[in-house]
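User: I am new to this structure and would like a close look at a single part of it. Please set that part in the context of the whole chain.

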Amino acid sequence: MTKTRTAAEAVSLIKDGATIAINASSGLLCPDDVLKALGERFEKEAAPKNLTTIHPIATGDMFGTKGVDHIAQPGMIRK
């Protein structure tokens, strides 16, 4: 049994109202594939919604990395 998941599999586990932590330094080590999968899931399923995000520094928007722009969608982020 493997403990490795695809980005889509990982974000399928996030429930409405969850708190997610995103750790990166601008575009450096940004989990861009995961954030992209999360944004795509929301576009298809309207879920997860009302998320709380914790990211102590800007995540993305450097070197062409979208970062949190993937999840900046009305109804997706509560705070």
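Analyst: What follows looks at one helix, H2, after a short account of the chain around it. The model is predicted. The protein chain has 2 helices and 2 strands, and from the N terminus these elements come in the order α-β-α-β. The radius of gyration is 12 Å, close to the 12 Å given by the globule rule for 79 residues, so the chain is as compact as a globular protein of that length. Along its principal axes, the C-alpha trace spans about 35 × 30 × 20 Å.

Helix H2 covers residues 32-45, which is 14 residues. From the first C-alpha of H2 to the last is 20 Å, close to the 20 Å expected at 1.5 Å a residue. The buried residues in H2 are Leu-35, Ala-37, Leu-38, Gly-39, Arg-41 and Phe-42; buried here means under 20% relative accessible area. These buried residues pack against two other elements, helix H1 (7-11) and strand E1 (19-21). After H2 comes Ala-46, which has a positive phi, near 55°.

Back at the level of the whole protein chain, buried residues make up 34% of the 79 residues. Of the contacts between residues at least 6 apart in sequence, 79% join residues at least 24 apart. The protein chain exposes about 5,200 Å², and carbon and sulfur atoms supply 55% of that area.

Definitions and conventions
Residues numbered from 1 in each chain as written. Predicted model: local features only at pLDDT ≥ 70, side-chain atom pairs only at ≥ 80, totals over all residues. Heavy atoms only, no water. Helix = DSSP H or I, 4+ residues; strand = E, 2+ residues; numbered from the N terminus. Rg over C-alpha atoms; globule rule 2.2 N^0.38 Å. Buried < 20%, exposed > 50% of the residue type's maximum accessible area, 1.4 Å probe, protein only. Contact = heavy atoms within 4.5 Å. Areas by Shrake-Rupley, 256 points an atom, 1.4 Å probe, with all protein chains shown as cover. Expected span 1.5 Å × (residues − 1).
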